[in-house]
Amino acid sequence: MAFIVFEGLDGSGKTSLMRELTKQLDGLNIAWVETREPGGTRLGDEIRELLLRQGSEIPHPRTELLLYEASRAQHVETFIRPNLGQKKWVLCDRYSASSLAFQGGGRAISTEEVIWLNRFATQGLQADLTILLDLSVEISMKRQKNRQIQTSQPANHIKSKNIAFHEKVRQSFLDQARQEPNRWLVLSAEKSPQELSLELHHELRLRRWLFKRFYSRPSGGL
Ligand code: TMP
């Protein structure tokens, strides 16, 4: 099994690429579950609602960080670890790297504090691979606008932040990827879904993760 996380600016196509990977895994008879943060558990979904609901009180950056971490702690203990324990691949839309990027990079909470809280919430559980769908802020905002028009949903307080905020978020993701190249794969989210799916497939074969079922995680124990 493997724990794979998808990260990127809003509108980067994480959900579509996750779907593509689930098709590849199905073709190989590999068991998987997909999940997301904030969310992934009942309590986590309630926290998501609190965080992203329109018109609610805008949380202070520290409050916001603690809510994301609370959702993460519940998610790791009651969903992610049990599924990895059952030898399933866990595909997760956002994880601790998002807190470093949005609350650390974007909201300027110190990196050390975010890293400490991430470690506390996850009890050290790291993704085997984090796939960053890298996208310029300009295109990300255009895609979000189009999505809002299609779904007639107004942006939440994070999505409606300014360009400088999203630039910092993007830079933080890229810095994190540079610091741990073995744990990250950076793909250009401007490519077509087919190209992205092929690139991911190629990477997982290079890592020899798609040749056989895993009986232990590529990066070690749970
Ligand atoms: P999503 O729209 O990709 O599901 O993510 C929800 C929003 O939450 C998105 O704007 C990014 C934000 N977020 C954080 O700010 N910090 C976090 O730790 C996580 C997981 C998400």
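1. Gln-24 is in contact (heavy atoms within 4.5 Å) with Ser-197, His-201 and Leu-210, its neighbours within four places in sequence being left aside. The model is predicted, so that local features need pLDDT of at least 70 and side-chain atom pairs count only at pLDDT 80 or more, while totals for chains, interfaces and linings use all residues. Residues are numbered from 1 along each chain as its sequence is written, and side-chain values use heavy atoms, with hydrogens and water left out.

2. Gln-24 belongs to helix 1; helices (H or I, at least four residues) and strands (E, at least two) are DSSP runs numbered from the N terminus. Its relative accessibility is 15%, and therefore Gln-24 counts as buried. Buried denotes under 20% relative accessible area, exposed over 50%, and partly exposed the range in between, with a 1.4 Å probe and protein chains only.

3. Helix 1 comprises 14 residues (residues 14-27), which at 1.5 Å a residue should span 20 Å; the end C-alpha atoms are 20 Å apart, in agreement. The expected span is 1.5 Å times one less than the number of residues. Just after helix 1, Asn-29 adopts a positive phi of about 60°.

4. Which residues of helix 1 are buried? They are Lys-14, Leu-17, Met-18, Leu-21, Thr-22, Gln-24 and Leu-25. Viewed down the axis of helix 1, these buried residues fall within an arc of 160° and so line one face of the helix; the arc is that of the directions from the helix axis to the C-beta atoms. On the other side of helix 1, Lys-23 and Gly-27 are exposed. The cover over the buried residues of helix 1 includes strand 1 (3-8), strand 2 (32-36), strand 3 (89-93), strand 4 (129-134), strand 5 (184-188) and helix 8 (193-206).

5. The five strands make up an open sheet in the order 2-3-1-4-5, with parallel pairing. Strand 2 and strand 5 are the edge strands, each pairing on one side only; two strands pair if DSSP finds at least two bridges between them. Neighbouring strands of this sheet are turned by 20° against each other on average, direction ignored. Strand 4 and strand 5 run parallel and are joined by five bridges, and Ile-131 stands opposite Leu-185 in strand 5.

6. Helix 1 packs on the sheet and touches strand 1, strand 2, strand 3, strand 4 and strand 5, its direction making about 170° with that of strand 3. Helix 8 lies across strand 1, strand 3, strand 4 and strand 5, and runs at about 155° to strand 5. Axes are lines fitted to C-alpha atoms, for helices over the stretch in contact, and angles run from 0 to 180 degrees between N-to-C directions.

7. The structure holds 15 salt bridges, a salt bridge being a side-chain nitrogen of Lys or Arg within 4 Å of a carboxyl oxygen of Asp or Glu. One of them joins the side chains of Arg-94 and Glu-7 (3.5 Å, N to O). Arg-94 lies in the loop between strand 3 and helix 4 (96-106) and Glu-7 in strand 1, so the pair ties together parts 87 residues apart in sequence. Both Arg-94 and Glu-7 are buried.

8. Arg-94 also meets Asp-10 in a salt bridge (3.1 Å, N to O). Asp-10 lies in the loop between strand 1 and helix 1, 84 residues from Arg-94, and Asp-10 is buried as well.
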